[in-house]
Structure formats: C-alpha cells, structure tokens
Amino acid sequence: MPSEAEHRSVSILIPAARMGASEEDAQTVWGDVRVALASIAAYAPGVDVVLAWNGREEPRDLPPNPHVRLVKQIEGIRTASAAWNFAATQTDADELLILGDDCVLLPDSLPLLFDDLATIHASQPEGGKVGIVGTRSNFVSGPQNIREANGGERAGIRFDSEARIFAVEMIVPVAAWVRHDVFDSVGGFPNTNWFGDDLLSFDLQNAGYTHYVSRAYVHHVGQRATGEGKSDQQLYDEGMAWLAEHRPDFLRARLGTS
C-alpha cells in the first residue's frame, strides 16, 4: 500500500560529507549513509531522496532504491548549512524533510510526522504560519531529546509528554519538516556550522512562524561528520565569532550579548 508520503510533494534531503577518509576507507566511511538509506527504502518507499555527497569517492553499494538521486556537492561548500542549502536547490518539491546522514527512520517516523502535521495545520488560527516541525531523538539538544520530561511523568518506558505535540522557539533539524517556500523565504540556513539551526528558527519566528516538536522519533548517531574533524569547542568558537560579525541581533536576543 502506498504511504502517505508518496502522495505528497516531498523530498528527503541528506547532505553527506566524509572529507577525511583515506584511500582505504573511501567506501567504509559511507556506512552511516547506507544505514540511513536502508531505513528510507524500508519505511519511506517511493519518496524522493536527494543525497548530496562530498568525499574522496562517490558512495557505492547503496541499498536499492530508484528514488535516491546522488548529487556531488559543488566546490566551495565548507559548512553543514551550505550543504543543506545546496541540497534544497536540487528539488522542486513543495515540502522538505531534512534528515541527518547518520539518522535511522523507524517504521512510524513519517506516518506520525505527517499525522502531526495534519493536526498542527487543523489547529492553526486564521493566518497561522507553521514553520519547522522537528522529531524527537536520542541525540539532540533541548526538548526534542527523549530524556527531557517536558513537564510530563514516566508512563512505562516513556514520558507521557512524548505523546504530545508542542510549540518551541527552536528546532534542531536532526529530522525536520519545512515547506520549501518557507525555507527559501529566509534564505535557508545561514552559512555557519554551529548556530545555523538556531538562526533559521530565529529568522522564521521573527517572520511570524511557529515551530513544533512532533511525536515522531528518529535514531541519531550524532556528530559523524560535523566540521571536518574540528572539536566542539572549535566549532563553538567559530560560530560565536561568525555571529558577532554577521548576526549581533541574534546574540542580543538569544544570548544576551553583542
């Protein structure tokens, strides 16, 4: 039976960079991507996938899926944000599903996400604007993390709040839905590794959009290719320097500095 996602104009975007691979590891480094694509083939059949890759060699031996399109990233891409933005230019779909290259879908990840989208849109007041709708995960900061009670209580092996949809200021797009035109309206992700998701959420919120956390879940390995081997402290320092130069408005509004 066709999934609901097959009836939507949606593309899954997966930018994947493994720049530090040796010649011997040129294919083994794509293991995370193969697992992610296997979960898509199993649980999101028929959905368009843009795999925007960068590395020593093009990924090979991928799970069979005629809907996966491999596109080599253009020269000059040095940040995760730029890679996401490039991937978005490779599709005319109305809706984008941003997915990390080290994420794994569950059988109900997309059904729950699309059910929640219907609920969110139905509950909007007149003129309400839906921004980014993100999933929960095991490796993600803030209220999207399944270890966060979000005001709920233990209910078996979960918090009862995991069965609720709620609005948030910022979405970490481990796996996240957004309309293509909404994404484009603020120019996508600003060109930085750290704080790109904060800034996208911030800019859309300032434009009147509300972001939501879905009941849907994806598994996330985490930090498999971020910053081409840079440490978290290096990425943080570079991100703060970029914000100070380019986005002091965000520093003032969110971090209380300038």
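This is a predicted model: local features need pLDDT of at least 70, side-chain atom pairs count only at pLDDT 80 or more; totals for chains, interfaces and linings use all residues.
**The loop between S6 and S7**

Let's start with asparagine 145, which sits in the loop that links strand S6 (130-137) to strand S7 (154-155). Is asparagine 145 buried or exposed? Its relative accessibility is 11%, and buried means under 20%, so asparagine 145 counts as buried. Which residues does asparagine 145 touch, if we skip those up to four places away in sequence? They are Ser137, Asn138 and Val140.

Asparagine 150 belongs to the loop between S6 and S7 as well. Its phi is near 50 degrees, which is a positive value in a residue other than glycine. With a relative accessible area of 25%, asparagine 150 is partly exposed.

**Around helix H4**

Now hop along to helix H4, which covers residues 180-185 and includes serine 185. A polar atom of the serine 185 side chain lies 2.6 Å from the backbone oxygen of valine 182. What about a partner further along the chain? Alanine 207 is 22 residues from serine 185 in sequence, and the two C-alpha atoms are 9.3 Å apart in space.

Past H4 comes a loop that runs to helix H5 (196-206), and phenylalanine 195 is found in that loop. Phenylalanine 195 is not a glycine, yet its phi is positive, at about 80 degrees.

| Residue | Relative accessibility | Class |
|---|---|---|
| Asparagine 145 | 11% | buried |
| Phenylalanine 195 | 12% | buried |
| Asparagine 150 | 25% | partly exposed |
| Serine 185 | 49% | partly exposed |

Last stop: a pocket. The second largest pocket holds about 250 Å³ of space. Its lining includes Leu106, Asp108, Leu112, Arg136 and Ile146, and Arg154, Ile157, Arg158 and Glu162 are also among the lining residues. Arg215, Ala216 and Tyr217 line the pocket too.

Which element gives the most to this lining? Strand S11 (residues 210-220) does, with 3 residues.

Key:
Residues are numbered from 1 along each chain as its sequence is written. Side-chain values use heavy atoms; hydrogens and water are left out. Helices (H or I, at least four residues) and strands (E, at least two) are DSSP runs, numbered from the N terminus. Buried means under 20% relative accessible area, exposed over 50%, partly exposed in between (1.4 Å probe, protein chains only). A polar contact is a pair of N or O atoms within 3.5 Å; within protein, one must be able to donate a hydrogen and the other to accept it, and residues adjacent in sequence count only if both atoms are side-chain atoms. On a 1 Å grid over the protein atoms alone, a cavity is a set of points where a 1.4 Å probe fits but cannot get out, and a pocket is an open set with protein on both sides within 12 Å along at least five of seven lines; lining residues have an atom within 4 Å of a point. Grid points are joined across faces, edges and corners, and a volume is the space filled by probe spheres set on the points. Contact means heavy atoms within 4.5 Å.
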